[in-house]
Amino acid sequence: IFDKDLAKKWIPVNIYFGGAEHTLGHTMYSRFFTKFFYDLGLTATDEYAVKRFNHGVILGPDGSRMSKSKGNIVNLEREVKSYGADAVRLYLAFIGPYDIVAPWNPGGMNGVYHFLQRVWGLQEKIVGSRQQATDKNLRIMHKTIRKVGEDIEKIKFNTSVAALMEWLNHLSRKASVLKEEYKTYLLLLAPFAPHITEELWEQIGQKYSVHQQS
């Protein structure tokens, strides 16, 4: 009734996300059972996760916990219909550190929606790949690649998005944008805005999916 090979395949997981309220109900008991199975020789590890990370809490616009009785619940389905799933996803990533407790800011959606509109419009500046990027532009691009990559590993999504916004400001000031710059931008943005980047990736003539690139 216990498949050791299957257990070896699935545990330990790389990272377990949970709220502080789950420390007792989930984490402690999960660790207990994993150690119990390990003592029985059923698993190869006595920990079910390599790392645990507490997520934060999004409060209502009034700064208190969302509650139907208080009438401060944010209707995400309505937000998606108004701004799109990518904008909602991006706003949640940008609102602050992953473990922060912060209120929902209705005006914040307008900002990320405008940001995505600017990313969409940037394709009009694309020039052929024969041109070479200047040293300054290359430094800014590689600085952003490093920043976004490192911050994603550290679960610092808000600073990843901030770096992308900063690079977008630089690209928008240029008279033209190299196709390689735009491709790189879409690759970095894809984890946060998967739908619009997939559409833009196809529009600039790329094969396969933006999410299948190495």
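I began with helix α4 (residues 85–94), whose buried residues are Asp86, Ala87, Val88, Leu90, Tyr91 and Ala93. I take buried as under 20% relative accessible area, exposed as over 50% and partly exposed as in between, with a 1.4 Å probe and protein chains only. Helices (H or I, at least four residues) and strands (E, at least two) are DSSP runs, numbered from the N terminus. I then looked up what covers these buried residues of α4, and the cover includes α3 (76–83), β4 (101–103), α5 (108–121), α7 (157–173), α8 (179–189) and α9 (194–203). Contact here means heavy atoms within 4.5 Å.

I note that this is a predicted model, in which local features need pLDDT of at least 70 and side-chain atom pairs count only at pLDDT 80 or more, while totals for chains, interfaces and linings use all residues. Residues are numbered from 1 along each chain as its sequence is written, and side-chain values use heavy atoms, with hydrogens and water left out.

**Overall form**

I counted the secondary structure of the protein as 9 helices and 6 strands. The radius of gyration is 21 Å, well over the 17 Å that the globule rule gives for 214 residues, so the protein is more spread out than a compact globule. This radius is taken over C-alpha atoms, and the globule rule is 2.2 Å times the number of residues to the power 0.38. Along the principal axes, the C-alpha atoms fill a box of roughly 65 × 45 × 30 Å. I found that 35% of the 214 residues count as buried, and that residues 24 or more positions apart account for 64% of the contacts with a separation of 6 or more.

**Aromatic pairs**

For the rings of Phe, Tyr and Trp (its six-membered ring), I count a pair if the centres lie within 6.5 Å, with planes under 30 degrees apart called stacked, over 60 edge-to-face and the rest tilted. By this rule the count comes to 14 aromatic pairs. One of them is the tilted pair of Phe53 and Tyr98, at 5.7 Å centre to centre and 55° between the planes. This pair links distant parts of the chain, since Phe53 sits in strand β2 (residues 52–54) and Tyr98 in the loop between α4 and β4, 45 residues apart. I looked up the accessibility of both: Phe53 is buried, with a relative accessible area of 17%, whereas Tyr98 is partly exposed, at 31%.

I next took the pair of Phe157 and Phe192, which is edge-to-face at 6.2 Å centre to centre and 70° between the planes. Because Phe157 lies in helix α7 and Phe192 in the loop between α8 and α9, the pair ties together parts that are 35 residues apart in sequence. Phe192 counts as buried at 5% relative accessibility, while Phe157 is partly exposed at 24%. Leaving out residues up to four places away in sequence, I found that Phe157 touches Ala93, Tyr98, Asp151, Ile152 and Phe192. Phe157 and Phe94 are 63 residues apart in sequence and 6.6 Å apart in space, C-alpha to C-alpha. I also noted one aromatic cluster formed by Phe2, Phe32, Phe33, Phe36 and Phe37.

I looked up Thr27, which has its place in helix α2 (residues 22–39) and is buried, with a relative accessible area of 10%. Not counting residues up to four places away in sequence, Thr27 touches Tyr16, His22, Tyr48 and Arg52.

Gln206, in the segment after α9, is buried at a relative accessible area of 18%. Under that sequence limit of four places, Gln206 touches Lys179, Lys183 and Trp201. The C-alpha atoms of Gln206 and Lys183, 23 residues apart along the chain, are separated by 8.9 Å.

**Backbone entries**

Most residues other than glycine have a negative phi, and most peptide bonds are trans. I found the peptide bond from Ile11 to Pro12 to be cis, with omega near 5°, and I placed Pro12 in the loop between α1 (4–10) and β1 (16–18). Ile155 has a positive phi of about 60° although it is not a glycine; its place is in the loop between α6 (135–153) and α7, and Ile155 counts as buried at 9% relative accessibility. Tyr208, also not a glycine, has a positive phi near 65°. Tyr208 lies in the segment after α9 and is exposed, with a relative accessible area of 72%.
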